[in-house]
Amino acid sequence: MKVKVSRKANFNAAHRLYRPDWSFEKNDAVFGKCNNPNYHGHNYDLIVSVTGEIDQRTGFVMDLKVLKDLIKEHVEEALDHKNLNKDVPEFEDINPTAENIAVVIWNKIRPHIEKTKELEVVLYETPRNFVTYSG
């Protein structure tokens with residue numbers, strides 16, 4: 001019997017979507033307002049879920065306090081109130097799209113979750129735009 005447990009968190013960050021090897025005009029055509037040279041920000045909502053068997057000793061799939069602390073340490077402290085393009089090393093050579101941010105978050109958390117458990121990251125860039133990454 002597998003059960004999914006989830007923890008919701010949020011962080012605020014700025015970014016700019018662009019490719020330095022493209023002209024401003026091409027970046028503008030592809031990324032629109034998100035190509036603003038002065039960056040723009042989002043209030044991201046994050047849901048991190050762990051799926052696995054219930055531990056018969058504890059009744060937990062995973063202690064949600066542990067998951068809360070992992071998210072705080074590896075996501076909130078790394079991304080909150082940051083310029084993703086300038087302040088976060090993972091985005092030095094990667095465009096900080098919602099898709100890429102979700103993958104980076106997953107990669108930050110995955111090493112700290114038991115290998116027998118599944119990990120899923122859902123990242124809301126806006127209330128209507130979100131991505132899901134499960135590895």
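**Figure 1. Tyr39 in the loop between α1 and β2.** In this predicted model, Tyr39 occupies the loop that connects α1 (24-31) with β2 (40-53). The backbone of Tyr39 has a positive phi of about 70°, although the residue is not a glycine. Tyr39 has a relative accessible area of 18%. Because this value is under 20%, Tyr39 counts as buried.

Figure 2. Is His81 buried or exposed? With a relative accessibility of 62%, His81 counts as exposed.

**Figure 3. Asn95 and its surroundings.** Asn95 is placed in the loop between α3 (84-87) and α4 (98-109). The relative accessible area of Asn95 is 17%, so the residue is buried. Which residues does Asn95 contact, apart from its neighbours within four places in sequence? They are Arg16, Leu17, Tyr18, Phe31 and Asn100. Towards one of these residues, Tyr18, the side chain of Asn95 makes an approach to the backbone nitrogen at 3.1 Å.

**Figure 4. Packing of helices α2 and α4.** Two packed helices are described by the angle between their axes and the distance between the axes. For α2 (residues 64-79) and α4, the angle is about 140° and the axes are 9 Å apart. The two helices are therefore oblique to each other, and their crossing is right-handed. From α2, the residues Ile71, His74, Val75, Ala78 and Leu79 take part; they meet Ile101, Ile105, Lys108 and Ile109 of α4. By class, this contact comprises seven nonpolar residues, one polar residue and one charged residue.

Figure 5. Glu53 belongs to strand β2, and at 43% relative accessibility it counts as partly exposed. Where does the side chain of Glu53 reach a backbone nitrogen? The nitrogen belongs to Met1, and the separation is 3.1 Å. Glu53 and Met1 are 52 residues apart along the chain, while their C-alpha atoms are separated by 5.9 Å. Leaving out residues up to four places away in sequence, Glu53 touches Met1, Lys2, Phe60, Val61 and Lys117.

**Figure 6. Gly59 in the loop between β2 and α2.** Gly59 is found in the loop that runs between β2 and α2. A relative accessibility of 47% makes Gly59 partly exposed. Gly59 and Ala102 are 43 residues apart in sequence, and the distance between their C-alpha atoms is 29 Å.

**Figure 7. The protein chain as the setting of the close-up views.** The protein chain has four helices and five strands, which follow one another along the sequence in the pattern β-α-β-α-β-α-α-β-β. Taken along the principal axes, the C-alpha atoms fill a box of roughly 60 × 25 × 25 Å. Of the 135 residues in the chain, 41% count as buried. Among contacts between residues at least 6 apart in sequence, 66% join residues at least 24 apart.

Note on methods: Residues are numbered from 1 along each chain as its sequence is written. This is a predicted model: local features need pLDDT of at least 70, side-chain atom pairs count only at pLDDT 80 or more; totals for chains, interfaces and linings use all residues. Side-chain values use heavy atoms; hydrogens and water are left out. Buried means under 20% relative accessible area, exposed over 50%, partly exposed in between (1.4 Å probe, protein chains only). A polar contact is a pair of N or O atoms within 3.5 Å; within protein, one must be able to donate a hydrogen and the other to accept it, and residues adjacent in sequence count only if both atoms are side-chain atoms. Contact means heavy atoms within 4.5 Å. Axes are lines fitted to C-alpha atoms, for helices over the stretch in contact, and angles run from 0 to 180 degrees between N-to-C directions. Angles under 35 degrees count as roughly parallel, over 145 as roughly antiparallel, 65 to 115 as roughly perpendicular and the rest as oblique. A crossing is left-handed if the near helix is turned anticlockwise from the far one by less than a right angle, and right-handed if clockwise. Ala, Val, Leu, Ile, Met, Phe, Trp, Tyr, Cys and Pro count as nonpolar, Asp, Glu, Lys and Arg as charged, and the others, Gly among them, as polar.
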